[in-house]
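Hi there,

Here is the structure I promised to hand over.

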Amino acid sequence: MMKLKYSICCGLDVHKNVIVATIVTTNRDGISEYRQKSFSTINSDIQKFHNWLIGNNCYHVCMESTRKYWIPIFNYLENDIDICLTHPKYVKAIKGYHIETDQAKKLELARGHLEYLVNMITQTEVELYVRIKPYYEFVEFVSTMPGMTELSSTIVLAETGIDMNIFDAAKHLCSWCGLSTANNESAGKKKSVRIAKAGDYLTPMMVQCALAAIKNKKQPYFAIKYIRIEKRRGHKKAIIAIARMMMVCIYHMVSEKKPFSPADYEELMNPQNHVERVVLNENNVFAYLESLGYDSSKLVKRNDN
């Protein structure tokens, strides 16, 4: 049985021209008493509704976000009343009951259920942080990457662990997480390039982190890479590619115990300051030396034989 949080609370069913309110009062024996009243949505009636709540010692209200009808009621009550705004799908009327009466009652139940879920989520997060404490050093490393928070880093490391030696390489980790394309080829033709059906928890988590990373304006490293891929491959494939890059970074950060510092970071973020790499061979080595001020005519080929 759900624990009683508020002995007096109110559920609202808000329409365009009418507000149906039900105050629920529960005694120590768990017996609830319902008082229902309707008000119009004009300002004077909203004032009467406010006074009716205060008069019944009710300071906790739950209502669904029905179009824009809830906004004036919310604005009027928020200074004196604790308001919980819920999604309409959680407060559907029970079949066979009058919608106004039943929705107002069910809103009160929905509020209690949401409070219960929030409490459980908080307890779970606390327990997660307690258990990850011995490995918090790795959480800090992963959190330096754009798109990753301490919570998301903790969840990812709880799945992968901190021992990267169990994976042959970063590609192996990506495959285990379900971020690598499937190898479905026959007679030289690729039938599908969809990602593998693995990582039921990690794949959606990394996709969410990738979406956050490409929106990071302070560190647009992944945003720049996303734009380049998205132009050629589309949004979905680009997001999976970014998620895969992030997982590769996590592999190296954890295995090498260092923060986020990809090799191409400066080149990507500051292309104007980047010094182009020169690949030297027998054809261009003399021209390169002359460009640096050396006299190539004085060079003598050494004969090791």
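**The sheet and its helices**

In this predicted model, 5 strands make an open sheet of mixed pairing, ordered E3-E2-E1-E4-E5. Strand E3 (32-40) and strand E5 (82-86) are the edge strands, each pairing on one side only. From one strand to the next, the twist averages 20 degrees. Two strands are taken to pair if DSSP finds at least two bridges between them. Helices (H or I, at least four residues) and strands (E, at least two) are DSSP runs, numbered from the N terminus.

Before going further, some housekeeping. Residues are numbered from 1 along each chain as its sequence is written, and side-chain values use heavy atoms, with hydrogens and water left out. As the model is a predicted one, local features need pLDDT of at least 70 and side-chain atom pairs count only at pLDDT 80 or more, while totals for chains, interfaces and linings use all residues.

Back to the strands. E2 and E3 run antiparallel and are joined by 9 bridges. Within that pair, Ala21 stands opposite Lys37 in E3. The hairpin of E2 and E3 has 5 residues between the strands, and Gly30 there takes a positive phi near 85 degrees. Strand E1 (residues 8-14), by contrast, pairs with strand E4 (residues 60-64) in the parallel sense, over 3 bridges. Leu12 has Met63 in E4 as its bridge partner.

Two helices go with this sheet. Helix H1 (residues 43-55) lies across E1, strand E2 (18-26), E3 and E4, and runs at about 165 degrees to E3. Helix H2 (residues 70-77) packs on the sheet too, where it touches E1, E2, E4 and E5, and its direction makes about 165 degrees with that of E4. For these angles, axes are lines fitted to C-alpha atoms (for helices over the stretch in contact), and the values run from 0 to 180 degrees between N-to-C directions.

His50 counts as buried because its relative accessibility is 10%; buried means under 20% relative accessible area, exposed over 50%, and partly exposed in between (1.4 Å probe, protein chains only). Leaving aside neighbours within four places in sequence, His50 is in contact with Tyr76, Leu77 and Asp80, where contact means heavy atoms within 4.5 Å.

**Further along the chain**

Helix H5 (residues 150-160) has Ser152, Ser153, Thr154, Val156, Leu157 and Thr160 as its buried residues.

**Salt bridges**

How many salt bridges does a search of the whole structure find? There are 3, a salt bridge being a side-chain nitrogen of Lys or Arg within 4 Å of a carboxyl oxygen of Asp or Glu.

- Lys48 and Asp45 meet at 3.9 Å, N to O. They are separated by about one helical turn because they are 3 residues apart in helix H1. Asp45 is buried, at a relative accessible area of 15%.
- Glu127 and Arg131 meet at 2.8 Å, N to O. Both lie in helix H3 (residues 99-132), 4 residues apart, about one turn of the helix. Glu127 is partly exposed at 38%, whereas Arg131 is exposed at 62%.
- Glu256 and Lys258 meet at 2.8 Å, N to O. Glu256 is partly exposed at 41%, and Lys258 is partly exposed at 32%.

**Overall numbers**

The protein has 11 helices and 7 strands. Of its 305 residues, 33% are buried. Among contacts with a separation of 6 or more, residues 24 or more positions apart account for 52%.

Best wishes
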